Amino acid sequence: MADMNKNDQVREKTPFFKKPGVSSVIASLVSILGGLIVGFIVLLLISVCNKDMSVSDSLKGIVTVLGGPFSAGNSGDILFQLGNMLFQATPLIMTGLSVAIAFKTGLFNIGAPGQYLMGAMGALIVSLSIPTTVVPVWIVWILALLAGTLLGVLWGAIPGFFKAKFNVNEVIVCIMTNWIAANVVSWVFNSTKEKFVNYAETKINFINKTSYNGVATPTLGLDKLFNNSYLDISIMIASAIAVILYIVMNKTTFGYELKACGFNKNASKYAGMNEKRNIILSMAIAGGLAACGAALWCLNGSQDFKWNTYLTLPADGFNGIPAALLASNNPIGVIFSAIFLKYIGVGGSNLSAQSSFNEYVSPLIVAVIIYFSGFSKLIKDLIAKSGKKKKPKNVGYGTEDPTPAADNAAEAKTAEGGSEV
Amino acid sequence: MIFLIQKTLIFTIPLLIVALAGMYAERSGIINIALDGIMIFGAFVGALAAYLFRGNPFFVDHNQLTFILSMLVAAIAGALFSLLLSFSSINLKADQTIGGTALNMLAPAIALFIIKIFFAKDQLEMVPAVNSAGQTKDFGYVILNNDLGPVGRTFFDKAYISTYIGIALFIILSIFIYKTKTGLRLRACGEHPQAAASVGINVFKMRYLGTTISGALAGLGGYIYIATVANGTASGAVAGMGFLALAIMIFGNWKPLGIVLGAFLFGFLKCLGVIYDQLKININGQDVYFLKELGLPMYFYNLIPYVAVLLVLMFTSKRSRAPKAEGIPYDKGMR
């Protein structure tokens with residue numbers, strides 16, 4: 001009884017900025033601020049070392065990066081860059097979700113690049129080989145998306161299977177499957193060159209765009225709205241998937257089981273959950289998400305996919321890790337963190353175009369932000385502590401702070417509770 | 001055959017050193033997922049140092065000295081860079097995966113940012129330089145020794161001094177971690193830091209030591225990689241070698257002998273994929289390119305090492321055992 005009342009007190013006393021959600025956001029904002037400050041210092045140092053630049057250049061530089069697409073100049077360019085930024089954020093949202101879901105189950109999915117490649121291959125092959133003269137375009141589109149996602153599910157299940165069945169560290173299997181995927185995709189497209197490679201535009205390094213077969217994601221006029229950018233409804237699909245995942249993870253038994261598996265594998269096993277099944281399922285879902293992102297990107301209809309990729313892995317796969325980390329693995333947070341990462345990236349390319357600095361300042365700032373986001377627990381602790389120090393002061397001076405009132409209310413409750421007993 | 005062993009050695013040494021780097025960090029209790037980033041950083045600083053050294057004709061004359069000095073610079077750079085990881089994960093108790101990921105992103109960003117600002121290029125290549133006699137000499141550290149027997153030629157012709165340094169380092173560091181007091185203390189901090197602290201071991205110091213050695217080795221490995229495998233080009237990437245080394249460390253069960261085995265197996269299979277079409281055997285006076293004549297595509301040979309690692313892991317994983325306390329920040333109150 002006494003314990004319960006204590007809990008009530010704590011809940012009622014929690015000021016706005018101390019709520020867990022709010023303090024997470026504050027911690028992320030502090031990290032972002034830190035990253036920007038370090039980025040500014042780097043630009044400042046360069047401008048001091050370089051005779052052709054002045055200090056004001058570095059200030060202008062950081063403002064350009066911070067402006068993202070808005071520092072493009074005229075309104076037409078701004079709209080165009082904004083549209084493209086939202087489109088490019090789509091696969092990143094999906095790989096971010098992929099990494100985040102695996103993290104929730106206590107797994108580190110560094111295999112998103114491989115799953116991404118498999119998804120791209122599945123979507124491209126299906127969308128380019130089913131003749132749209134026979135089958136309606138929208139059916140082909142759905143089939144392609146499903147094929148890509150399914151390939152990713154299978155590919156992601158491999159590390160999960162190895163982890164569950166053979167107790168092999170998922171990181172090593174993910175890394176191996178990444179490179180296997182890179183070689184398999186190159187191999188498949190190399191042996192089916194005549195059918196898929198874009199000879200028409202002499203872009204022999206790339207696969208035909210899916211619009212070659214008439215398949216493209218509907219845009220609902222978004223591309224026109226954003227000055228003929230690539231934007232289509234895939235960003236909405238990705239956001240919807242994020243919301244669904246949030247609900248699944250937080251409101252369903254299945255999500256609870258996955259999270260329990262992440263907190264303590266042995267305890268969840270003891271509680272009667274099938275922890276092996278959960279590991280495989282979690283990795284399969286993660287693989288499907290990353291692959292779905294790639295499929296959405298390819299099915300846009302105007303993107304060039306480089307097929308001979310056996311030496312490189314897609315950057316969007318790895319960047320899912322920072323996207324997930326920045327959002328503290330919250331599916332809805334991933335939408336914003338992915339868009340933010342692309343926003344800073346666009347700012348970097350604008351900086352490169354407009355000054356003698358280059359675009360690599362964006363990944364630098366992002367890296368520093370991630371570094372600082374590792375301290376989020378420390379920042380949250382500081383926020384929690386700061387209130388404790390202030391409390392006696394407020395009570396002493398009897399300010400307009402709501403805390404004492406809440407205290408009284410809680411005390412009154414306690415008294416009531418006591419009398420009932 | 002000689003050719004194959006030589007090539008295998010070139011691929012193996014960077015993998016071996018960087019996998020050893022991972023082992024040192026993880027045995028002290030810190031997950032070093034930043035190996036790739038530290039390699040990139042070491043490679044970049046080493047290449048920059050070699051570039052600056054070679055502005056002076058003396059260093060162009062003494063090529064091997066330049067190599068050794070720039071390897072040293074790369075190792076120091078790697079050690080300093082890894083302090084970022086140590087600071088966040090040891091002092092501030094931050095998540096080690098996050099810190100490592102940040103370093104992995106930071107290293108290419110710094111390298112490419114500086115290369116583009118000062119060289120207006122996307123990669124830093126080792127260019128020919130002028131020696132003291134006024135001749136232009138190409139960049140290259142390879143030692144040629146053609147007048148040795150077959151055995152001598154295998155190990156001393158077309159060799160790099162880094163190969164011997166790598167092997168020597170491997171032996172010294174394996175003995176250090178298993179046979180010295182400090183090595184034992186370091187391993188204790190990765191297994192049960194609270195127990196180690198209770199007998200007076202400074203856990204923070206040991207973890208700093210492990211991570212710093214790890215950083216130095218990874219930086220060194222990164223520079224050796226670009227100097228021997230990647231034609232001396234620092235391009236802000238090491239083709240995922242850091243992650244492969246991480247995989248080999250897990251494959252080797254966090255033990256030096258397992259790691260050296262894994263590195264050789266992987267290095268051999270990996271170089272098979274690169275040179276499969278040059279391999280020949282002499283049958284009745286005729287050169288037969290036996291692998292090329294099978295008609296399988298290059299991608300098949302590139303796949304082999306990764307599939308092989310997975311297969312081996314499937315059968316050996318029951319014995320797999322990571323250091324118990326890795327990834328967990330040391331908390332005195334947890335005793």
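Is Asn319(A) buried, partly exposed or exposed? In this predicted model, local features need pLDDT of at least 70 and side-chain atom pairs count only at pLDDT 80 or more, while totals for chains, interfaces and linings use all residues. Residues are numbered from 1 along each chain as its sequence is written, chains are lettered from A and ligands numbered from 1 in the order in which they are written, and side-chain values use heavy atoms, with hydrogens and water left out.

Asn319(A) is partly exposed, because its relative accessible area is 26%; the term buried applies under 20% relative accessible area, exposed over 50%, and partly exposed in between, with a 1.4 Å probe and protein chains only. Asn319(A) belongs to helix H14 of chain A, residues 315-326. Helices (H or I, at least four residues) and strands (E, at least two) are DSSP runs, numbered from the N terminus. In sequence, Asn319(A) and Gly96(A) are 223 residues apart, yet their C-alpha atoms are 7.4 Å apart in space. Apart from residues up to four places away in sequence, Asn319(A) touches Leu92(A), Leu341(A) and Met105(B), where contact means heavy atoms within 4.5 Å.

Asn300(A) counts as buried because its relative accessibility is 6%. Its side chain makes a polar contact of 3.3 Å with the side chain of Gln303(A). A polar contact is a pair of N or O atoms within 3.5 Å; within protein, one must be able to donate a hydrogen and the other to accept it, and residues adjacent in sequence count only if both atoms are side-chain atoms. When neighbours within four places in sequence are left aside, Asn300(A) is in contact with Phe87(A), Thr210(A), Ala216(A), Thr217(A), Tyr230(A) and Asp232(A).

Helix H3 (residues 55-67) has 13 residues and reaches 19 Å from its first C-alpha to its last, close to the 18 Å expected at 1.5 Å a residue. The expected span of a helix is 1.5 Å times one less than its number of residues. The buried residues of H3(A) are Ser58(A), Gly61(A), Ile62(A), Thr64(A), Val65(A) and Gly67(A), and their cover includes helices H2 (20-49), H15 (331-354) and H16 (361-373) of chain A. Just after H3(A), Gly68(A) adopts a positive phi of about 55°.

Salt bridges were then considered, each being a side-chain nitrogen of Lys or Arg within 4 Å of a carboxyl oxygen of Asp or Glu. By this rule, the count over all chains is four. In one of them, the side chains of Glu170(A) and Lys163(A) meet at 3.1 Å, N to O. Glu170(A) is buried, with a relative accessible area of 6%, and Lys163(A) is buried as well, with 19%. Another salt bridge joins the side chains of Asp316(A) and Lys342(A) at 3.1 Å, N to O. This pair links distant parts of the chain, since Asp316(A) is in helix H14 and Lys342(A) in helix H15 of chain A, 26 residues apart. Asp316(A) counts as buried at 12% relative accessibility. A further salt bridge is formed by the side chains of Lys116(B) and Glu359(A), at 3.3 Å, N to O. Lys116(B) lies in helix H5 of chain B (residues 96-119) and Glu359(A) in the loop between H15 and H16 of chain A, so the pair joins two chains. Lys116(B) is partly exposed at 25% relative accessibility, and Glu359(A) is partly exposed at 24%.

For chain B, the secondary structure comes to 14 helices and six strands. Of its 335 residues, 55% count as buried. Among contacts in chain B between residues at least 6 apart in sequence, 75% join residues at least 24 apart.
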